[in-house]
Amino acid sequence: MIRYALIVGCFFITSISISYAQKAKWDRALSPRIANYDISVTLDTAAKTLTGKELLTWRNDSPDEIEELRFHLYLNAYKNTESTFLKNGSRFGRLPDDELGWGWMDVVKIEDEDGNDLTPGMEFIHPTDGNKEDQTVLRVPLRKAIDPGETAEFNIDFISKLPRIIARTGFEGEHYYFVVQWFPKVGVYEEKGERGAEEGRWNCHQFIPYTEFYADFGVYNVEITVPQGYVVGASGVLQEEQKNMNGTKTVSYRAEDVIDFAWTASPDFEEKKDKWKDVDIRLLIQPEHKGSTEKYLQSTKNALEYMDKYVGEYPYTTFTIVDPPIYGIGSSGMEYPTLITGLPAFTIHEGVRQVEMVTIHEFVHQYFMQMVASNEQEEVWLDEGFTTYYENRIADHYYGEKSSEVDVGGYKRGDGEVSRLNYTGMSNPRVAACATPGWDFKIGGERTIMYHKTGLWLKTLERMVGIETLDKIMQTYFERWKFKHPTGTDFIDVANEVVKREHGDKFGGDLNWFFDQVVYGTQVCDYKVRSISNRKQTDPIGMFENANGKKRWRDRRDEEDYADKAADYRSRVLLERVGDMIVPLEVFVRFDNGEEVLETWDGESRNHEFVYERPEKVVSAHIDPEQKILMDIDLNNNSLTKEPDDEPILKWASKVLFWMQNALQSTFFFF
Amino acid sequence: MNPIIVFFKGISHTFRLFLMWLLLFLLIFVLGLTVAVPFAGVMEESIGNSLEISKLLPAYDHTVWTDFMNAHGDKISGLTSQVRWMIPVFLLAYIFLSGGIVKSFATIHEGFSHQRFMAACTKYFWRFFRLFAWLMLFQGIVAALLYGGAYFIGLGGDFGNLRSESFFSNTGKILLPIHLFLATFIAMVGDYTKVRMVKEDTWFVLREFGRSLGMCLRYFFRTYFVYLLDIALLVGVYALYLFLAPKIGMTGKAAILIMLIVQTLVMFFRLGTRLFAIGSASVMYDGIQRKENPQIVEEISEEERAGITPVPAPIVAKEEQESADLDDEFDEEDQQYNEREHIVDWTPYQDE
């Protein structure tokens with residue numbers, strides 16, 4: 001009896017577990033579930049290491065025999081300055097000044113399901129840039145090829161050393177951990193024809209700045225062991241929390257139909273909860289930032305509501321927002337499946353909405369990156385650009401088109417406006433095309449082109465084809481390509497199909513003329529009303545033959561020869577295409593009797609003229625009066641009026657006068 | 001030396017120097033115009049005929065403004081570089097003019113004289129420039145000690161050690177009021193040093209600053225209270241402006257012109273508050289000197305008896321009349337001083 005009592009007692013003492021397992025929202029797989037992971041990992045807070053055991057269950061979904069696997073070892077990007085990432089990533093902050101600050105990942109052992117040790121055959125390869133010192137891609141030859149449709153299992157032991165936070169991953173301070181790209185992660189095998197592949201191939205690029213990630217969907221069962229007292233947040237759904245005798249605890253998470261798994265741990269987190277429909281929203285916030293709680297939660301709910309309504313259903317039951325401490329700001333503003341990091345903000349004015357913008361942006365990535373899993377390395381625009389577009393839309397919808405980003409003391413600016421300005425204000429907007437792979441941006445501009453230019457041309461497309469059509473394009477694209485890996489061409493095909501269906505040939509046979517310029521080209525759009533002239537009509541003067549064939553001189557003094565003319569004025573509106581992008585346009589012309597005429601111009605020629613012979617004078621002309629073509633880098637020169645309004649100039653000149661006097665009188669503070 | 005009386009006397013003395021006030025304001029206004037008028041020209045030439053410009057009338061429009069700056073920023077950059085050199089040049093000019101300003105307050109009972117003003121500007125420029133340099137040094141030392149101290153003590157000299165933004169908040173809550181107090185106190189001592197250097201006609205900037213510091217510490221509550229009243233008046237002027245601005249709007253020509261007048265008045269009175277402070281310091285200084293050195297009265301009386309500078313009768317009469325209302329609040333000692341004040345003011349240029 002005592003023996004039994006001891007056994008029962010030991011059970012309670014050695015581990016106390018709480019089960020949180022939730023019912024799955026779906027009783028079927030949403031994705032192909034090609035790469036599935038069961039990982040058990042322990043965090044060593046002293047050494048800043050993760051010791052893990054990984055069971056990879058991988059299905060060969062291609063018609064090819066697979067004779068090798070390729071893995072991403074992302075943390076090796078932070079191993080030394082010879083990695084491709086650090087050679088090109090000086091913009092990611094200072095390098096560590098102590099041994100503890102560097103990060104790396106070692107695959108200690110890898111075995112196939114038959115127990116064959118594959119470790120001796122492992123080698124680092126460098127498929128992207130040929131840098132032989134880079135260790136972010138590992139090739140593992142297999143003893144036995146994996147047949148088409150066959151599923152294989154691999155046991156992998158690994159140790160990951162977390163760096164001081166760089167490119168969102170690592171540790172900072174005594175006990176803040178943001179753990180991403182932390183385990184050996186298999187690449188994507190693309191069969192012939194998939195994403196333009198001419199033959200079956202591994203798509204497993206080295207880690208390069210601004211190129212992020214690309215992975216197959218799967219199910220992740222992850223057990224994370226951390227010191228007790230740490231609050232853990234992770235992708236997916238919490239299954240169980242178990243306290244261990246050695247002062248640690250193990251939390252188990254399950255994430256289904258996702259492309260990655262990220263987690264965080266810190267004893268400082270305060271947990272806030274909210275709910276939108278059946279989605280549990282969990283905010284892990286630093287105590288000093290709790291003033292931002294409502295900003296985080298409300299903006300998340302806004303984004304959930306908007307994306308659900310206009311794009312498609314959010315299929316997961318959880319969403320976690322991690323608020324980093326100020327010293328961990330390097331991990332802020334990043335997206336992972338069902339988990340994002342926000343922007344740490346101590347006290348921030350209600351009208352300054354950076355926290356909301358970042359939260360919305362990262363949430364939208366749950367659609368474009370996580371569910372529609374395009375290749376973030378080769379076609380960054382497909383996730384970052386689309387996300388920027390929806391960030392602008394959501395922000396402008398909930399917080400005002402002209403005030404969504406900042407609304408403080410009369411100074412207002414919209415998120416969409418700022419996005420546009422990022423592109424239109426570029427010193428060289430022709431630096432590269434949106435479709436340029438991340439590693440081909442040699443002279444900068446990648447963020448603006450991939451994020452903001454894409455967001456801007458999507459907004460332009462929205463205004464050209466109408467927001468309802470644009471929504472149909474996006475809904476079709478989402479439904480057709482969720483839980484798959486689309487390319488830019490796939491999106492363009494959807495756009496052409498929907499626009500043709502909705503508008504017929506209104507925009508030509510397809511919209512390739514548009515995408516060729518904005519996605520694959522570097523053309524810049526700038527149209528201008530060059531001049532308006534109104535000349536009093538007079539009879540022709542000079543030498544004319546009369547009915548008898550005799551020459552007769554006629555000039556203005558011949559009053560009797562003046563005929564009444566219907567048109568008193570000959571008015572010319574001269575338009576100019578300053579940029580090299582060609583877009584069909586509407587031109588709005590107004591006359592001095594208030595009459596208005598809407599003209600169209602194909603926008604192709606360098607100059608175009610509208611001529612009117614009417615009793616009225618042209619007062620103003622306005623190219624693209626509804627501002628559909630937001631890509632036009634100077635909207636101010638799109639219009640011209642003969643009756644200028646001098647009040648705004650007077651107003652701003654008087655403001656400048658006031659500010660200038662204030663600036664001068666401010667010198668009184670010094671003497 | 002009732003500080004309220006001193007404060008109002010500072011104001012009344014400034015109004016008596018209205019011409020100086022007006023001329024100084026016109027200088028600032030004209031300098032402002034040298035930026036505002038070309039700015040209006042650039043706007044008119046570049047986007048004046050665009051329909052988009054009307055979006056700038058009801059409020060700031062980020063798109064119109066940034067497109068304007070993108071396309072025509074090079075023309076604006078000429079103006080911004082003009083502003084960049086104009087501000088330090090004006091500071092130098094203000095240091096130069098300060099001699100005349102302080103001298104005019106010191107000789108308030110003789111009215112404003114252009115010749116005296118300009119002569120004092122020239123005479124005190126180098127002394128005041130050195131005082132300016134010392135003041136900047138003191139202000140810099142105070143700021144460095146406060147914030148540098150917090151940086152090194154609180155963060156160990158490395159922002160990497162920052163564990164929470166509450167460090168900035170908590171430190172700011174403590175340091176900012178201290179800094180504001182010390183900065184305004186140093187500025188006030190600077191004003192008293194200017195007054196002392198003019199009234200005593202001394203060259204030794206640091207010594208006079210030390211003496212003024214001692215005096216301000218001895219009469220801390222009176223001197224600083226008057227200075228605070230001047231600052232409060234300045235804050236009040238801006239509060240009134242911020243209250244009126246949204247009500248007026250600037251969305252039509254009439255409203256723009258009204259706002260232009262309001263803004264001009266705000267600038268005029270902002271300059272006024274600076275002059276009020278110097279005027280008050282001048283009055284307070286005289287009061288303190290008289291209190292601490294009653295023998296000065298006798299000494300001066302002897303000089304006066306020697307017939308060096310007879311006090312003009314009309315000014316005396318005017319001053320007596322003006323101060324009659326305020327004098328009720330003076331204590332007996334102050335009352336006595338008021339009568340002698342005209343004797344103290346005898347020495348406008350005899351010593352030069």
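Mentor: Start with A:Lys277, which counts as exposed with 11 C-beta neighbours inside 10 Å. By definition a residue is exposed if 12 or fewer other C-beta atoms, placed from the backbone, lie within 10 Å of its own, buried if 20 or more do, and partly exposed in between.
Trainee: Where do these atoms and numbers come from?
Mentor: This is a predicted model: local features need pLDDT of at least 70, side-chain atom pairs count only at pLDDT 80 or more, and totals for chains, interfaces and linings use all residues. Residues are numbered from 1 along each chain as its sequence is written, while chains are lettered from A and ligands numbered from 1 in the order in which they are written.
Trainee: OK. Where is the place of A:Lys277?
Mentor: In the loop between strand 19 (270-276) and strand 20 (279-285) of chain A. Strands (E, at least two residues) and helices (H or I, at least four) are DSSP runs, numbered from the N terminus. The phi of A:Lys277 is near 50°, a positive value in a residue other than glycine.
Trainee: And A:Lys48, what is its phi near?
Mentor: Near 60°, again positive in a residue other than glycine. A:Lys48 is in the loop between strand 2 (35-44) and strand 3 (49-59) of chain A. A:Lys48 is partly exposed, with 19 other C-beta atoms within 10 Å.
Trainee: New topic. Which domains is chain A divided into?
Mentor: Domain 1 (1-265), domain 2 (268-364), domain 3 (385-518) and domain 4 (527-649). The bounds come from an automatic or database domain assignment.
Trainee: How far apart are the C-alpha centres of domain 2 and domain 3 of chain A?
Mentor: They lie 23 Å apart. In chain A, 16 residues of domain 2 are in contact with 20 of domain 3. Contact needs C-beta atoms, placed from the backbone, within 7 Å. On the domain 2 side, helix 3 (293-310) and helix 4 (354-364) of chain A are the elements that give two or more residues. That side has nine nonpolar, five polar and two charged residues. Nonpolar covers Ala, Val, Leu, Ile, Met, Phe, Trp, Tyr, Cys and Pro; charged covers Asp, Glu, Lys and Arg; the others, Gly among them, are polar.
Trainee: How many bridges join strand 29 and strand 32 of chain A?
Mentor: Eight, in the antiparallel sense, with strand 29 at residues 569-577. The bridge partner of A:Leu575 is A:His608, in strand 32 of chain A.
Trainee: Now the two chains. How many residues of chain A are in contact with chain B?
Mentor: 48, and they meet 59 residues of chain B. Helix 11 (647-665) of chain A is among the elements that give two or more residues to that side. The largest share, 16 residues, comes from helix 11 of chain A. By class, the chain A side divides into 23 nonpolar, 16 polar and nine charged residues.

Technical notes
Two strands pair if DSSP finds at least two bridges between them. Two residues are in contact if their C-beta atoms, placed from the backbone, lie within 7 Å.
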